[in-house]
Amino acid sequence: MTSENHATVKADSAALVMSPTGSTSQAAPFSPSTNELIQAGWSKCWSKRENRPYYFNRFTNQSLWEMPVLGQHDVISDPLGLNAAPASGEAVSDAGLGNGQRKRHPSEDAQAGPNSFKRPKVSFLHNSLLFYLFNLYLTRVYWDLDVQTNAVIRERAPADHLPPHPEIELQRAQLTTKLRQHYHELCSQREGIEPPRESFNRWLLERKVVDKGLDPLLPSECDPVISTSMFREIMNDIPIRLSRIKYKEEARKLLFKYAEAAKKMIDSRNATPESRKVVKWNVEDTMNWLRRDHSASKEDYMDRLEHLRKQCGPHVASVAKDSVEGICSKIYHISAEYVRRIRQTHLTLLKECNISVDGAEPTAVQDRLVYCYPVRLSIPSPPQPRVELHFENDVACLRYKGEMVKVNRGHFSKLELLYRYSCIDDTRFEKFLSRVWCLIKRYQVMFGSGVNEGSGLQGALPVPVFEALNKQFGVTFECFASPLNCYFKQFCSAFPDTDGFFGSRGPFLSFSPASGSFEANPPFCEEFMDAMVTHLEDLLERSSEPLSFIIFVPEWRDPPTPALTRMEASRFRRHQMMVPAFEHEYRSGSQHICKREEIYYKSVHGTAVIFLQNNAGFSKWEPTTERIQEFLAAYKVSGRSLPSPGPSSTSTGDKDSKPVQEQSSCVDSLVTFLFF
């Protein structure tokens, strides 16, 4: 637990155990009113079996025969009583409120709007904390929001992004889904293939490297228009997609399908006579070999397939080039049109709310170094529509106009804390639910709706690794994260307009720290990783203050990625190591909604860990042998990951050891505080 939470516990406990005479006896529970019971989640129901009434709590799923007493039964929704209103006769000072809270005056609750987010009013008793301690052994926390930043930046003006609104986000989601459908249809109609897996997601990432448009998600002003990422991935699947082969019969069938598809494509396209001759001869030779040789092994078939690809591939690619470029260009221009429509709707909405976008004077900032702080928007936020919230077991469900997004209860509480720390224009939480809906909807749309789709692109390091990075190398900042998967409360993310309210410092490629220690685990998109290396070297070149980046990228060697090659040759490289495949793990990008046993998965490729530091950073956070050993040991702490990089498999490791390991120090310190 954090020091702030300790202070909160101490203050609340003191207030609750003091009697009016000053003696230290436990305060008697007060009799709740009907409204207080309803606010705490209780409702009166009728038992047909027992033929008598009982009480049910929709927050905790508890059932009681007797009327509940607040403070004894509703401890799950707010186990530490951080947001509880003190009972009559209790005096809790502002200094005792943790997590940056202040005591709310009753008049503020009366003035709060109908869409404001309120916690149930509960009193905090000693047994509540014991119940919370018990639950810590059963649950898991994947973040530490109490680590303070050492990242220093130059003070910057508020950003001019349009503020998020559920109506606009809903339109963006619908148009992005429609764009995905266009992409699927173009690949099918023009090339006869399914879109390469995750290629649309990587296209969004790669386009943002060069996009100068105004939409936070869809590209609209890119040069060049043709995406190298999308073009390369489609061409790799022409004439057919090559899959991993386990058995001989599969290899034979794949060789036959490739030869047949290559001949069909060369006959149906405008190919040169030379191309037709080469492809036709090699295909006929392969078919004759297949008819003649029935004793070939799997390796023989794969060798023959590789030979056929080398002979026919260049000719097939030459006839498909114009068509594939047409697909890339078509998708880009449709995206640009959608961006125009979305922005026009957004500006109209702001105008109806009397919010001016143009003509505002820029905010003056001083030329000074400050600790990094979340993105602020210069344009005021319009009134937010009502977003409904209800809980289904351990899942928070937020609904707007029939569109529901989901997040588990733990991550919902995390978003609430991040909002408390970072948001400065909504102290009453009146816009909290609508902003959470926009945030989750944005990431849901970006990474698609397929099973496990997008999870790998926003995977995160295990908790023990983050702890080791912080302890051994002073890391306090993530260069590529989101409010949903961040470990620290200071991080860079893709969307400053939605994520800034929850602590984001904006996109990393536009973030310029002067000093600090950083962790960089970028999305595994080659163009994006290459742009990251360019930015890192520029930052290290310019700063004379301590600056350190620890980068985690896949160990792709066949062929090696430009980003990996450049970092290995960089003059700022101080140390490099490789963590072998299947011997380490990542946290799923869908950790905010997936099952607890599916959060970790084993990496199917090795991970290169590279330290880039300037001279001052090397002096302060040198990767010594002792520090590296402690860091590598952190990878061995957890042993309950999935055997493959998709949460469809079941875990083969020990499912119970990790939660206790991650939480033991936190629980032990709190137990010590309570009983000693």
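A polar contact, for what follows, is a pair of N or O atoms within 3.5 Å; within protein, one of them must be able to donate a hydrogen and the other to accept it. Keep that in mind. The model is predicted.

Let's start with D499. It lies in helix α14, residues 496–499. Buried or exposed? D499 is buried, because its relative accessible area is 0%, and the cut-off for buried is under 20%. So what does the side chain of D499 meet in there? The side chain of S493, in a polar contact of 2.7 Å. That value falls within the 3.5 Å of the definition.

Now the surroundings of D499. Leave aside residues up to four places away in sequence. D499 then touches L439, Y443, P483, S493, A494 and S504. One more distance. C438 is 61 residues from D499 in sequence, yet C-alpha to C-alpha the two are 9.5 Å apart in space.

On to the rings. The structure holds 30 aromatic pairs. Here is one of them. W289 and Y301 sit 5.5 Å apart, centre to centre, with 80° between the planes, and the pair is edge-to-face. It links distant parts of the chain. W289 is in helix α9, residues 273–292, and Y301 is in helix α10, residues 298–352; they are 12 residues apart. W289 counts as buried, because its relative accessibility is 11%. Y301 is buried as well, at 2%.

Next pair: Y419 and F429. Why is it edge-to-face? The ring centres are 5.1 Å apart and the planes stand at 75°, and over 60 degrees counts as edge-to-face. This pair also links distant parts of the chain, 10 residues apart. Y419 is in helix α11, residues 409–422. F429 is in the loop between α11 and α12, the latter being 432–446.

Then a group of rings. F477, F480, F508, F511, F518, F528 and F549 form one aromatic cluster. Every name on that list is a Phe.

Last, charges over rings. Where does R442 lie? Over the face of F495, at 4.9 Å from the ring centre. R574 does likewise with F618: its charged end sits over that ring, 4.9 Å from the centre.

That's the tour. Questions, please.

How values were computed. Residues are numbered from 1 along each chain as its sequence is written. This is a predicted model: local features need pLDDT of at least 70, side-chain atom pairs count only at pLDDT 80 or more; totals for chains, interfaces and linings use all residues. Side-chain values use heavy atoms; hydrogens and water are left out. Rings of Phe, Tyr and Trp (its six-membered ring) pair if their centres lie within 6.5 Å; planes under 30 degrees apart count as stacked, over 60 as edge-to-face and the rest as tilted. Helices (H or I, at least four residues) and strands (E, at least two) are DSSP runs, numbered from the N terminus. Buried means under 20% relative accessible area, exposed over 50%, partly exposed in between (1.4 Å probe, protein chains only). A charge sits over a ring if NZ of Lys or CZ of Arg is within 6 Å of the ring centre and within 35 degrees of the ring normal. Contact means heavy atoms within 4.5 Å.
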